[in-house]
Amino acid sequence: MRLKTVLIIIAALPVVLISLFFLYSFILSSPGSGRDLSIQKGVPFPALMAHRGVSGLAPEETRPAYLLARELGADYLEADIQRTRDGVLIALHDDDLTRTTNIEEVFPDRAKDPVNTFTYAELLRLDAGSWFNEAHPQWARPSYKGLKILTLSELIEIADGGFHKPGLYLETKSPEMFPGIEKQVVDLLKERGWIGQPTALEQEESSTLEESPGKDPTRVNVRNTPGRIIVQSFSQESLKIFRDLAPEVPRVFLFGQDTVEQAGSFEAVLDQAAEVDANAGPSGYMAWPWYTSKIHARGMIVHYYTINQSWQMWLINQFGADGIFTDRIDIALDYFGRMEEPDLEEYFKRIEY
Ligand code: G3P
Ligand code: CA
């Protein structure tokens with residue numbers, strides 16, 4: 001064989017292999033393959049979750065992070081729910097307060113103590129915003145200084161308070177530390193009209209998930225659909241409690257590579273999810289079409305976490321994902337052609353931060 005022919009084959013080989021891979025991927029799990037399943041479950045497709053609010057642009061799980069997510073048009077506001085010593089439900093990711101507050105200055109002797117050892121009044125003394133300005137100087141804003149830890153009740157007000165009506169995607173974080181937290185969450189959501197009877201708007205518009213005459217396509221209205229709340233947890237036990245308390249609320253079993261190793265196989269993790277009638281929330285490292293197709297084959301939808309780059313969004317969409325959690329909902333909305341206004345500063349003006 002002539003050298004030129006060999007070089008052409010070598011140059012073409014990667015293109016051929018990549019094309020074959022995408023063809024194989026398309027056969028296994030194509031974009032939109034979980035759309036009908038999502039709609040059946042009352043969940044928008046693709047579902048775009050603002051992970052801890054727009055936590056890439058504002059201090060996670062604080063008021064501006066969620067206001068910004070709502071104004072940008074996220075489908076869901078994602079939050080990790082924990083409880084103070086005196087029983088207040090709050091939005092906070094870590095078990096302690098060292099990373100995201102100035103606790104070392106305010107309570108130096110208790111800095112590493114878990115959040116459930118503090119009263120809500122004590123937490124109100126903390127600054128939950130300044131750390132972000134130091135960690136992310138390119139996104140720092142003077143108005144982030146002195147932000148307070150948000151309660152679940154305040155988060156519900158934010159979700160209910162704008163033109164866009166996003167849903168809530170709530171995670172019980174370390175639920176073994178907060179016995180009874182699931183009932184407390186469900187009770188609060190019932191009290192605020194998020195669980196229970198259909199909302200007025202839901203009754204008016206039988207479905208806002210599908211395109212329908214009269215539906216405003218520019219308005220997020222997940223709040224007024226059956227999937228307005230999704231509960232999620234790494235704890236199967238916590239999801240079991242939610243299923244018993246509010247079976248109509250969609251559940252998502254979160255897992256990572258370590259969960260798969262402990263369970264012994266990917267199928268064994270899906271068995272655990274199936275036992276509590278949950279859907280799947282795997283780490284984005286597992287967003288391969290052969291996993292997505294296995295999840296769909298079980299009748300589950302799949303939302304991957306945490307996807308922040310547009311090329312990852314493209315790839316995961318190609319591989320058939322039904323939704324993503326992202327710290328940069330602006331990038332996700334832009335990728336899916338849903339950004340109304342390209343200038344982020346306009347949104348900051350709207351939320352007055
Ligand atoms: O909810 C998906 C994702 O939030 C799970 O991971 O650690 O960010 O709560 P984490
Ligand atoms: Ca979470």
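**Loops, metal and rings**

Author: Thr306 is found in the loop between strand S8 (303-304) and helix H14 (310-318). Keep in mind that this is a predicted model.

Reader: What kind of peptide bond joins Tyr305 and Thr306?
Author: A cis one, with omega about -20°.

Reader: And what joins Phe45 and Pro46?
Author: A cis peptide bond again, with omega about -15°. Pro46 sits in the loop between helix H2 (35-40) and strand S1 (47-50).

Reader: Why point these bonds out?
Author: Because most peptide bonds are trans. Most residues other than glycine also have a negative phi.

Reader: Which phi does Asp277 have?
Author: A positive one, near 50°, and Asp277 is not a glycine. Asp277 lies in the loop between H12 and strand S7 (279-282).

Reader: Is Asp277 buried, exposed or partly exposed, and why?
Author: Partly exposed, because its relative accessibility is 47%.

Reader: How far is Asp277 from Leu239?
Author: In space, 8.8 Å from C-alpha to C-alpha.

Reader: What about phi of Glu352?
Author: Phi is positive there, about 60°, although Glu352 is not a glycine. Glu352 lies in the segment after helix H16 (344-351). With a relative accessible area of 70%, Glu352 is exposed.

Reader: New topic. Which residues coordinate the calcium ion (ligand 2)?
Author: Glu78 (OE), Asp80 (OD) and Glu171 (OE) coordinate the calcium ion, at 2.2 to 2.3 Å. Their spacing in sequence is E-x1-D-x90-E.

Reader: Where do Asp80 and Glu171 sit in the chain?
Author: Asp80 is in strand S2 (residues 76-83) and Glu171 in strand S4 (residues 167-172). The two are 91 residues apart, so the pair links distant parts of the chain.

Reader: Are Asp80 and Glu171 buried or exposed?
Author: Both are buried.

Reader: What do you call the geometry of the calcium ion (ligand 2) site?
Author: Irregular. The site has six donor atoms, with angles of 45 to 159° among them.

Reader: What would ideal angles be for six octahedral donors?
Author: They would be 90 or 180 degrees.

Reader: On to the rings. How many aromatic pairs are there?
Author: The count comes to 18 aromatic pairs. One of them is Tyr169 with Phe325.

Reader: How are the rings of Tyr169 and Phe325 arranged?
Author: Edge-to-face, 4.8 Å centre to centre, with 75° between the planes. Tyr169 lies in strand S4 and Phe325 in strand S9 (residues 323-326), so the pair ties together parts 156 residues apart in sequence. Tyr169 and Phe325 are buried.

Reader: Why is the pair of Phe255 and Phe266 edge-to-face?
Author: Because the planes of Phe255 and Phe266 are at 70°, and over 60 counts as edge-to-face. The ring centres are 5.7 Å apart. Phe255 is in strand S6 (residues 251-255) and Phe266 in helix H12 (residues 266-275), 11 residues apart. Both Phe255 and Phe266 are buried.

Reader: Which residues do ring pairs link into a cluster?
Author: Phe21, Phe22, Trp288, Trp290, Trp314 and Phe319.

Reader: Where does Arg141 lie?
Author: Over the face of Phe348, at 3.7 Å from the ring centre. There is also Arg223, whose charged end sits over the ring of Trp194, 4.2 Å from its centre.

Reader: And Leu315, where is that?
Author: In helix H14. Leu315 counts as partly exposed, because its relative accessibility is 21%. Leu315 and Pro289 are 26 residues apart in sequence, and 10.0 Å apart in space, C-alpha to C-alpha.

Reader: Last one. How many cavities of 30 Å³ or more does the structure hold?
Author: Two. The largest cavity has a volume of about 90 Å³. It is lined by 13 residues, and the closest to its centre are Glu60, Glu61, Ala91, Leu92 and Thr100.

Definitions and conventions
Residues are numbered from 1 along each chain as its sequence is written. Chains are lettered from A and ligands numbered from 1 in the order in which they are written. This is a predicted model: local features need pLDDT of at least 70, side-chain atom pairs count only at pLDDT 80 or more; totals for chains, interfaces and linings use all residues. Side-chain values use heavy atoms; hydrogens and water are left out. Donors are N, O and S atoms within 2.8 Å of the metal (3.2 Å for Na, K and Ca); water is not among the atoms, so sites may look incomplete. Four donors count as tetrahedral if all angles lie between 85 and 135 degrees; four count as square planar and six as octahedral if opposite donors are over 155 degrees apart and all others between 65 and 115; anything else is irregular. Helices (H or I, at least four residues) and strands (E, at least two) are DSSP runs, numbered from the N terminus. Buried means under 20% relative accessible area, exposed over 50%, partly exposed in between (1.4 Å probe, protein chains only). Rings of Phe, Tyr and Trp (its six-membered ring) pair if their centres lie within 6.5 Å; planes under 30 degrees apart count as stacked, over 60 as edge-to-face and the rest as tilted. A charge sits over a ring if NZ of Lys or CZ of Arg is within 6 Å of the ring centre and within 35 degrees of the ring normal. On a 1 Å grid over the protein atoms alone, a cavity is a set of points where a 1.4 Å probe fits but cannot get out, and a pocket is an open set with protein on both sides within 12 Å along at least five of seven lines; lining residues have an atom within 4 Å of a point. Grid points are joined across faces, edges and corners, and a volume is the space filled by probe spheres set on the points.
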